[in-house]
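Dear colleague,

I am handing over the structure we spoke about, and below it you will find my notes on what was found. Please read them with the structure open beside you.

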Amino acid sequence: MAMPDKPGMREVLVVDDPETMKLLLSGKWNDILELIQSREMSVSDIAKILKINPGSAHYHLKEMEKHGLAAMVREETKGNLVKKYYCATARNIYLDGSRFKVLRPGEADPMEEFYDSLFKLMAPFGYDIPPE
């Protein structure tokens, strides 16, 4: 699906921060990001589609904003109600783990959980990656 041009939306966002990667691999964050990559949406629209509390949707969007994954693009005021609309900051997001440190002998690999989550996310797309 072709994305409409949005002011300030980048073509590519490279994520190399472990905390941001963790957000991207979480189900709710990923669901929200998928919704706002194709069009701008309000907190209430997202909450309704995902069947979550609007407060939770707002919290997730604020966290995504802090990590540079989402941005508020406009506000609508109807009476006393202010409706905020959000959009993804990039059309494509790439994960780059090259900044991670080299492990010392016997040290636990912090990427194990990341890889497990990544493999689970890829399974619905027909990728069956057996554990090592």
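In which sense do strand β3 and strand β4 pair, and over how many bridges? Please keep in mind throughout that this is a predicted model. In this model β3 (residues 70-78) and β4 (residues 81-88) pair in the antiparallel sense, over eight bridges. Two of the facing positions can be followed directly in the viewer: A70 has A88 of β4 as its bridge partner, and A71 stands opposite C87 in β4. The hairpin that β3 and β4 make has two residues between the strands, and in it G79 takes a positive phi near 65°. As a general point, strands of a sheet pair through backbone hydrogen bonds, either parallel or antiparallel.

These two strands belong to an open sheet of three strands in the order β2-β4-β3, with antiparallel pairing. The edge strands of this sheet are β2 (41-42) and β3, each of which pairs on one side only.

Stepping back to the protein chain, its secondary structure comes to five helices and five strands, and from the N terminus on the elements run β-α-α-β-α-α-β-β-β-α. Of the 132 residues in the protein chain, 29% are buried. Among the contacts with a separation of 6 or more, 63% are accounted for by residues 24 or more positions apart. The protein chain exposes about 9000 Å², and carbon and sulfur atoms supply 53% of that area.

With twelve residues at 1.5 Å a residue, α2 should span 16 Å, and its end C-alpha atoms are 18 Å apart, which agrees. The buried residues in α2 are W29, I32, L33, L35, I36 and Q37.

Y94 is found in β5 and, together with V12 and V14, makes a nonpolar surface patch of about 280 Å². Y94 has a relative accessible area of 47%, and because this lies between the limits of 20% and 50%, Y94 counts as partly exposed. D96 has its place in the loop between β5 and α5 (111-122), and with 27% relative accessibility D96 also counts as partly exposed. Although D96 and D16 are 80 residues apart along the chain, their C-alpha atoms are separated by 4.8 Å. Not counting residues up to four places away in sequence, D96 touches V14, V15, D16 and M21, and V14 in this list is one of the residues that make the nonpolar patch with Y94.

Phi of K51 is near 55°, which is a positive value in a residue other than glycine. K51 is exposed, because its relative accessible area of 76% is over the limit of 50%.

Conventions. Residues numbered from 1 in each chain as written. Predicted model: local features only at pLDDT ≥ 70, side-chain atom pairs only at ≥ 80, totals over all residues. Heavy atoms only, no water. Helix = DSSP H or I, 4+ residues; strand = E, 2+ residues; numbered from the N terminus. Expected span 1.5 Å × (residues − 1). Buried < 20%, exposed > 50% of the residue type's maximum accessible area, 1.4 Å probe, protein only. Patch = residues over 30% accessible without salt bridge, like charges linked within 9 Å, V, L, I, M, F, W, Y side chains within 5 Å. Areas by Shrake-Rupley, 256 points an atom, 1.4 Å probe, with all protein chains shown as cover. Salt bridge = Lys/Arg side-chain N within 4 Å of Asp/Glu carboxyl O. Pairing = 2+ DSSP bridges. Contact = heavy atoms within 4.5 Å.
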